[in-house]
Amino acid sequence: MDDFKKIYLSWRAGGGSRRSIVGLLEKRAERDYIFEYLPKARELESFSPYFEFPDLNKIYKEYVLEVFSSRLMKPDRIDVKKFYDFWDIDVERANDRFYLLGKTQGLVPTDNFEFLADYIVTKDLKFVTEIAGISKYPQLAKGAIVVGDKLRFETEPTNLYDPEAVKVFKDDRELGYIKKIHCKAFHQPEARHLNLYVKGLDQNGVIKKIFVEVRYEDGVAN
C-alpha cells in the first residue's frame with residue numbers, strides 16, 4: 001500500500017514568513033502523475049512559479065516527476081545511506097522517485113519550496129517532519145531536548161489560522177507545530193497510535209530546528 005498518493009507544494013517568501021500551500025502533485029496510477037497550482041498561488045503577489053511550470057492555470061501531465069526529481073539526492077553519493085536512514089527511507093523503494101520526494105520533502109538550499117506528503121495512517125507508518133514555528137517561542141538552550149526524546153501533541157480545532165493545526169510539546173513546554181499537510185495524519189481515525197520522537201536537531205548555543213519522527217505504535221499512547 002502506498003504511504004501517500006498526494007504531495008503538496010509549499011512555498012514561502014523567505015525565512016520567518018508563513019508558508020502557503022500553492023500546488024499539488026498527484027499520483028493517479030503507476031507512472032501517471034499530474035501537477036497543478038492551487039488557488040492560493042494566484043492570490044500571492046510575490047509568488048514565482050516553478051520555472052518549468054509557469055502557467056498557474058494549467059494542469060501539467062508530462063515530465064512532471066522528471067522535473068521535480070532533480071531535487072533528490074543522487075544515489076551514488078557516499079553519504080546516501082545516512083541520508084536515507086535519517087528520512088526513514090525503505091531502501092527497497094529507493095528507485096521510486098515519487099516516494100523519495102514525499103519522504104525527504106525535496107528540500108534544496110536554493111529556493112523556498114518544499115514537498116509535503118499527505119500521509120495515510122497505517123500500522124507501518126513512519127516519517128520525519130520538522131517542527132514549524134519554533135522561532136515564535138522562547139529559545140531553547142542546547143541540550144534542553146535530545147535525540148530520542150518523546151514529545152507529545154495536541155490538536156487545535158479552534159486555531160484561527162488552521163483548524164487542522166497540531167501543537168507539539170516537551171512535557172508542558174510548547175515547542176511549535178506539525179507542518180501543514182503533515183498535520184492531516186493526526187486527524188485520521190488511527191491517529192491515537194501516533195507518537196513523536198526527536199530525530200535530529202540543528203543547534204549551536206540554542207536549538208534552531210527540531211526534526212521529529214512520527215511513528216505508528218500499537219498500544220503506545222501519545
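A cavity is a set of points, on a 1 Å grid over the protein atoms alone, where a 1.4 Å probe fits but cannot get out; its lining residues have an atom within 4 Å of a point. The model is predicted: local features need pLDDT of at least 70, side-chain atom pairs count only at pLDDT 80 or more, and totals for chains, interfaces and linings use all residues. Residues are numbered from 1 along each chain as its sequence is written, and side-chain values use heavy atoms, without hydrogens or water.

A search of the whole structure finds two cavities of 30 Å³ or more.

Asp88 lies in the loop between helix 3 (80-86) and helix 4 (97-104); helices are DSSP runs of H or I with at least four residues, numbered from the N terminus. Asp88 is buried, at 13% relative accessible area (buried means under 20%, with a 1.4 Å probe and protein chains only). Its side chain makes a polar contact with the side chain of Lys199 at 3.1 Å (N or O atoms within 3.5 Å, one able to donate a hydrogen and the other to accept it). Beyond four places in sequence, Asp88 is in contact (heavy atoms within 4.5 Å) with Tyr99, Lys103, Lys126, Phe127, Val128, Lys199 and Glu213.

Key: Helices (H or I, at least four residues) and strands (E, at least two) are DSSP runs, numbered from the N terminus. Buried means under 20% relative accessible area, exposed over 50%, partly exposed in between (1.4 Å probe, protein chains only). On a 1 Å grid over the protein atoms alone, a cavity is a set of points where a 1.4 Å probe fits but cannot get out, and a pocket is an open set with protein on both sides within 12 Å along at least five of seven lines; lining residues have an atom within 4 Å of a point. Grid points are joined across faces, edges and corners, and a volume is the space filled by probe spheres set on the points.
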